[in-house]
Amino acid sequence: MSSFSEESPVYGPFFGVMGAASAMVFSALGAAYGTAKAGTGIAAMSVMRPELIMKSIIPVVMAGILAIYGLVVAALIANDIKPPPDYKLFKAFLHLGAGLSVGLSGLAAGFAIGIVGDAGVRGTAQQPRLFVGMILILIFAEVLGLYGLIVALILSTKG
């Protein structure tokens, strides 16, 4: 059995586990906020225009996708964590960076999707032509989470 060194200390896996946890926790927080905020808009809108409910579910679906991004990265990181002598500190920091990348970008995207979804579905109930504009803004908000996923995948496959 090889001894611990500066390259693979006993606390190395802590950073990898924190990367996996932050990927899941922060992206799920963003998805939950986006779902809750957009859901309140849907509930308020459905009183005036119940026929638009299914059309207004789009922000909730887009918010839910953010949690999937975090789940994918967390699973990739968790499968790559090894016991301390075989797990280099460099790899652990890459995993931490990957988790924070997807998690925090998912949190930011969830906030954006929730706010745009809430205002967008309420506005669409009053002016249906607003729907296309709302969808475009939601796509721009969702792509922020996708950027975090791309960076996380690049980071998690290094080393």
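Reader: Does Tyr-33 count as buried, partly exposed or exposed, and what is its relative accessibility?

Author: This is a predicted model. Buried means under 20% relative accessible area and exposed means over 50%. The relative accessibility of Tyr-33 is 30%, so Tyr-33 counts as partly exposed.

Reader: How is the pair formed by the rings of Tyr-33 and Phe-111 classed?

Author: Planes under 30 degrees apart count as stacked. The ring centres of Tyr-33 and Phe-111 are 4.3 Å apart and the planes lie at 25°, so this pair is stacked.

Reader: Which helices hold Tyr-33 and Phe-111, and how many residues apart are they?

Author: The pair links distant parts of the chain. Tyr-33 belongs to helix 1 (residues 12-48) and Phe-111 to helix 3 (residues 89-126), and the two are 78 residues apart.

Reader: How is the pair of Phe-14 and Phe-15 classed?

Author: Planes over 60 degrees apart count as edge-to-face. The rings of Phe-14 and Phe-15 have planes at 75° and centres 5.5 Å apart, so the pair is edge-to-face.

Reader: Which residues do ring pairs link into a cluster?

Author: The count of aromatic pairs comes to four. The cluster linked by ring pairs consists of Tyr-11, Phe-14, Phe-15 and Phe-93.

Reader: How far apart are the end C-alpha atoms of residues 98-118?

Author: An unreviewed UniProt entry annotates residues 98-118 as one of its transmembrane regions. In the model this span is 100% helix and 0% strand. Its end C-alpha atoms are separated by 30 Å.

Technical notes: Residues numbered from 1 in each chain as written. Predicted model: local features only at pLDDT ≥ 70, side-chain atom pairs only at ≥ 80, totals over all residues. Heavy atoms only, no water. UniProt positions renumbered as here; feature names shortened; annotations may be inferred. Helix = DSSP H or I, 4+ residues; strand = E, 2+ residues; numbered from the N terminus. Phe/Tyr/Trp six-rings, centres within 6.5 Å; stacked < 30°, edge-to-face > 60°. Buried < 20%, exposed > 50% of the residue type's maximum accessible area, 1.4 Å probe, protein only.
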